[in-house]
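Please work through the exercises below with the sequence and the model side by side, trying each task before reading its solution.

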Amino acid sequence: MSIYDVHASITLSLTRYWRLSLLHACPCVSMRRIYTSCPVQGSMEWSTKNTYNGMWKGDKRHGKGTYVWSTSQDVYEGSWKNDKRNGPGLYTWNAPWSAGLTYQGGWKNSMKHGLGLFIWTNGNAYDGSWKEDMRTGAGVLVWKNGDKYDGMVSAGACGIIEEWQ
């Protein structure tokens, strides 16, 4: 098994820059630990045809990068840490049943976390706090007709959420 073989079902496609970085340009790389050391730029396509282009640390997405799901064409552009969405990022849903949904804000362990803006396909929006993928804390809900709720949201609801989604 070469250092570029990750798994039998995964197709690993490395850019020339990644190969050169691993072999020549990265001062913290020894020949023994060539695959797990410095963050490097590279791209990968899985057997599912999902793709990632960005920074890697060892065999994990780590740093800035873009992931595209092949079946839905959903796109995440932003920060990664240990193979999970972490830090600021933009997620755009593109599947027919969710096209136009967007979330821009903080992520932690691949869940919406911190401050973020979520926009529904009908134009309604929530701008506020998130914790573990749930709207929680202070936030502003704005309907496309201009109505607005500014206040506290608990576990994703403020008593009127179900009516306006």
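The exercises that follow go from the overall fold to strand pairing, salt bridges and the nonpolar core.

The model is predicted, so that local features are taken at pLDDT of at least 70 and side-chain atom pairs at pLDDT 80 or more, while totals for chains, interfaces and linings use all residues. Residues are numbered from 1 along each chain as its sequence is written, and side-chain values use heavy atoms, with hydrogens and water left out.

**Exercise 1. Describe the secondary structure and the surface of the protein.**

Step one is to list the elements, where helices (H or I, at least four residues) and strands (E, at least two) are DSSP runs numbered from the N terminus. The protein has two helices and 11 strands, and their order from the N terminus is β-α-β-β-β-β-β-β-β-β-β-β-α.

Step two is to look at burial, where buried means under 20% relative accessible area, exposed means over 50%, and partly exposed lies in between, with a 1.4 Å probe and protein chains only. Of the 165 residues in the protein, 38% are buried.

**Exercise 2. Find the salt bridges, and state for each partner whether it is buried or partly exposed.**

Step one is to apply the rule that a salt bridge is a side-chain nitrogen of Lys or Arg within 4 Å of a carboxyl oxygen of Asp or Glu. By this rule there are three salt bridges.

Step two takes Lys49 and Glu45, whose side chains meet at 4.0 Å, N to O. Lys49 is partly exposed, with a relative accessible area of 49%, and Glu45 is likewise partly exposed, with a value of 28%.

Step three takes Asp83 and Arg61, with the closest N and O atoms 2.8 Å apart. This pair links distant parts of the chain, 22 residues apart, since Asp83 lies in the loop between strand 5 (75-81) and strand 6 (84-92), and Arg61 in strand 4 (residues 60-68). Asp83 counts as partly exposed at 27% relative accessibility, whereas Arg61 counts as buried at 11%.

Step four takes Asp133 and Lys112, which form a salt bridge at 3.2 Å, N to O. Asp133 is in the loop between strand 9 (125-131) and strand 10 (134-142) and Lys112 is in strand 8 (residues 111-119), so the pair ties together parts that are 21 residues apart in sequence. Asp133 is partly exposed, with a relative accessible area of 32%, while Lys112 is buried, with a relative accessible area of 10%.

**Exercise 3. Identify the surroundings of Lys112.**

Contact means heavy atoms within 4.5 Å. Leaving aside neighbours within four places in sequence, Lys112 is in contact with residues including Tyr103, Trp107, Phe118, Trp130 and Asp133.

**Exercise 4. Which residues touch the most other members of the largest nonpolar core?**

Step one is the term itself: a nonpolar core is a set of buried Ala, Val, Leu, Ile, Met, Phe, Trp, Tyr and Cys residues joined through side-chain atoms within 4.5 Å. Of the 20 residues in the largest nonpolar core, Trp46, Tyr52, Trp56, Trp93, Tyr103, Phe118 and Tyr126 touch the most other members.

Step two is to trace the core to its strands: strand 2, strand 3 (51-57), strand 5, strand 7 (102-108) and strand 9 each supply at least two of its residues, and strand 2 gives the most, with three residues.

Step three turns to Trp46, which is placed in strand 2 (residues 39-46) and is buried, with a relative accessible area of 17%.
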